[in-house]
Every structure is written in structure tokens, then in C-alpha cells.
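Dear colleague,

I am handing over a structure for you to look through, and my notes on it follow below. Please keep it open beside this message as you read.

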Amino acid sequence: MKENSYVSADDIRSAFSAAMSVMYREEVPAYGTLMELVETVNAETLSADAQLKERLTATDSLERISEERHGAIRLGTPAELSMMRRVFAVMGMYPVGYYDLSTAGVPVHSTAFRPVGEASLKRNPFRVFTSLLRLDLIADETLRAEAKANLKARRIFTEGAVELTEKAERNGGLDKADAESFVAEVLETFRWHDRANVSADLYKRLHDAHRLIADVVSFKGPHINHLTPRTLDIDQVQALMPDYGIAPKAVVEGPPTRRCPILLRQTSFKALEEAVSFRDGDGWKAGSHTARFGEIEQRGIALTPKGRGLYDRLLDQSRKVVRPTADGSNAREYEAALAEVFAAFPDSWADIREAGLGYFSYSLTEKGRRTKLPGRRDLESLIAEGLVRFDPIVYEDFLPVSAAGIFQSNLGDGAQQEFVASPNQQRFEADLGAAVLNEFDHYAGIEKASIESCLTALTTAVA
Ligand code: OOG
Ligand code: NI
């Protein structure tokens, strides 16, 4: 078969995220309500801000503005993780970044599978935050062995999904019919199963060890636990959630509201209690489980290691002043402390660039396009003369402190558990079967390529 008859990985990813959106709205009606709210707020924001509308029309497709940007799953074994890597690769999604959440009392470590090239991100940036349970953090040896045996016995991928992944690897792609079956087969892995794999007794013991362990071990597969559309005004959606009958988490995670958005802000509605049944001899016993929720995100500029260092320090500093509680009782104080501390982070694109805190994409201005230079010049003088402009590069990754906040608020308001901090990227990569990509290299590469293309165009363009 000729290569050009294959469906592009970007198109498979788009079809997959659309199918997942439909499935999740059916499974979790409150998520459908959140989507409606997001669409309303996005439409209002756009009609109130003609400049924003113009900018987004030029850079993004307006009709897709409210679509899902990410989702999340939690896996149980190294074999599940490495197979998941192969499945995502068929959709052009690669593991970027390593996130250790043990420090935050969550017994997992994670990566994000996402598209990496500029064109792929533009086509559809859908990512999946993927966590691997760390059974080594369960103290009780008997319980650990039971959990392990349960996980070992389950099959989270359909035979069709495995066969089509192998076929794509062998041939370098899938044709239209195979791509359609692939999406349908892979969707099965993410589906909710209301019949648990375990008895009520084992569920309770797992749950007592950590709620997250019960969520990963007790079910047939790694149900998608949330999807996350993009909002143009996260504060407004957060404020309006109660009017729509959904309970927001206490605070928005990430940086405060700013003129020049940095990194990622996110919030969610709290996970719902859902009816499930547990194994009980030959029959079933009714119970409940809390895992699934909806989230929203608003992204800003990707920061350089220096900018990220400043962000981490300021976040740490504000949390020393006020630590947000799960019940929201000190949410206002936390927001105030955050805003005050973050006043130290420059808030104009020019200042952020000058201080080397963020990554920018450079392009020729109108004047630059009409200019031809005899030889290469340095970037700063080209900017000063109005030949080259700079625009922020969007942050495409996640933030460990924010992720921990999202995890925690969806695991209930109960006492937080402490684990000894034990990042183990090497172990994660061995389980994954590949190294994770470094997010900073990626942004630096995009920035560098944009500078190079300006310089080339300026010296070869016809006046
Ligand atoms: C993942 C939580 C992290 C995010 O957006 O930071 C996350 C989970 O609950 O499984 O999705
Ligand atoms: Ni999320």
C-alpha cells in the first residue's frame, strides 16, 4: 500500500478526541453542562473583545475554540504504560515531561502524551496526562500483592486495538477503514465500567490505603477520569459554575490572573459519587465510587528554565503565606497572597522577553517583508527597527503542583496522606519503554527555528 493512502496521525488524534468527547458527555452529564457553560463564556468573551477575536481568527480556528485540550488516565502496570505509549504514537502523541506526584501525597508518577511539532499542535493539541500507579508506595505488603495480582489479570486493550497498533507500526500508518476501527477499539480502553473487578471488602482496603489506589486497581480499565476544554476566561467560568449546578474546586490552580498570561491556569468541578457494584460471590453488591470530573484550562506563554525557576519560587512563597484548603474557606486570602507575590513577575511581553523569562516566536512585520538586507544582522536591532515582531509561544505541558491540586480536590476533602518524596524518572522511563522528551528543548527549538527563518527571509527576500 502506498504511504499517501494512510490517514495522518493528526487526523486519527482528532477523530479520537472527538469520539472521546461524545462518549464522556454521555457518561457524565455534568461534563456536558460544563461544556455548555464554557461555550457561553467563550462566546461572550469574544464578542466583548474585538481584538482578541481578530487575533484568534488569525491564529486558531474559532469554531474549535471550546474543544477539549486534554484528558487524563491512571494506569496500573508497566506493561499497560508501554502499550499505551505505542497506541498514542499511532495518533502522533509522544511522552513529554516527567511529573513526580509522590511529594504531593499522590502515589503516582506521570507524563503527558501530546503532539510535538508546531503543525501538529495547531491541527489538534489534544494531550493525555497519563499516570502510573506506584505500588511500591503501598506500605502493606499483603495488600500490595493483592493489588498486583488483580492488575496483572486484567486486559485493558481490546485485541483489535493491539492488532491495529501493530499493523500501524509495521506499515507506518493506517488506511481510512483501519483508522476508523482503531479509534473505536481504542475508545474501549477509556470507557467507564460500573461493575468493579473486586469485592467490596478489597475495594475498602484499597480505598483506605489511598483512594487513588482503589480507583486504579478496582476496575476493568483506566476510564478517562476527566476531559478539559479551553476557556478564554477561567475566572468567569469558575464563578458561574454554581449557577449551573456544578461545584467548583476551591481555587484556580497555577499563576494568578494577569495581563500577560503565563504557563497554565486550570480548575475543575469536584468528582461525582457514582453507583457501582462490587463482586459478591456469584452476584453483585451495590456501592459507590468517586473518580470522574470535568476541568477547564487557560494557557499562557511557555517559560524558559529561568522563568520557570521564578514561577516556582513565587508559587512556593505564596503558599507559605496561605495554603489553600480543600473546603475553600481561605480561597480569597490565597488569591490575594498569590496576586501580591506574583507582582514580582514582569507583566508585559517586552519585559518578559528582555528578562529571558519566556519563549517567543519571531516573524517579519509588514515592513520586514518589504525589506532586503545585504547581510545578517542581530535580532535586537531588527526588532528595534520594526522589521521583526515577537509573539509568545503557548505552554503545552502541565505543572506538578497544579496537577496535585487537581488530583487532591477530586479525591475528597479528607486528610491528606504523606509519602516520602521519591522521584524516579529512570524507573518510569524503563516502564514506559522510552525516554520522555524534554519540554524546554521543544520550546527552544521552535524559538530558534523562527529566528532563523526571519534572518533567512530578510537576506533573501526581493525588495
Ligand atoms: C490527573 C490530574 C492532573 C492536570 O490537568 O494537571 C491533570 C488525574 O487526576 O488523573 O489532569
Ligand atoms: Ni487535567
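Which are the buried residues of helix H9 (residues 200–209)? They are Leu 202, Tyr 203, Leu 206 and Ala 209, where buried means that 20 or more other C-beta atoms, placed from the backbone, lie within 10 Å of the residue's own, exposed means 12 or fewer, and partly exposed lies in between. Because these residues cover an arc of only 125 degrees around the axis, they are on the same side of H9, the arc being that of the directions from the helix axis to the C-beta atoms. On the other side of H9, Asp 201 and Asp 208 are exposed. Arg 205 also has its place in helix H9, and it counts as partly exposed because it has 18 C-beta neighbours inside 10 Å.

Before going on, please note that this is a predicted model, in which local features need pLDDT of at least 70 and side-chain atom pairs count only at pLDDT 80 or more, while totals for chains, interfaces and linings use all residues. Residues are numbered from 1 along each chain as its sequence is written, and chains are lettered from A and ligands numbered from 1 in the order in which they are written.

As for ligand 1, of the 13 residues around it, Ala 72, Phe 129, Ala 403, Ile 406 and Phe 407 come nearest (near means that the C-beta atom, placed from the backbone, lies within 6 Å). Strand E1 (68–75), strand E4 (127–133) and helix H17 (400–409) are the elements that give two or more residues to this shell, and H17 gives the most, with four residues.

With best wishes
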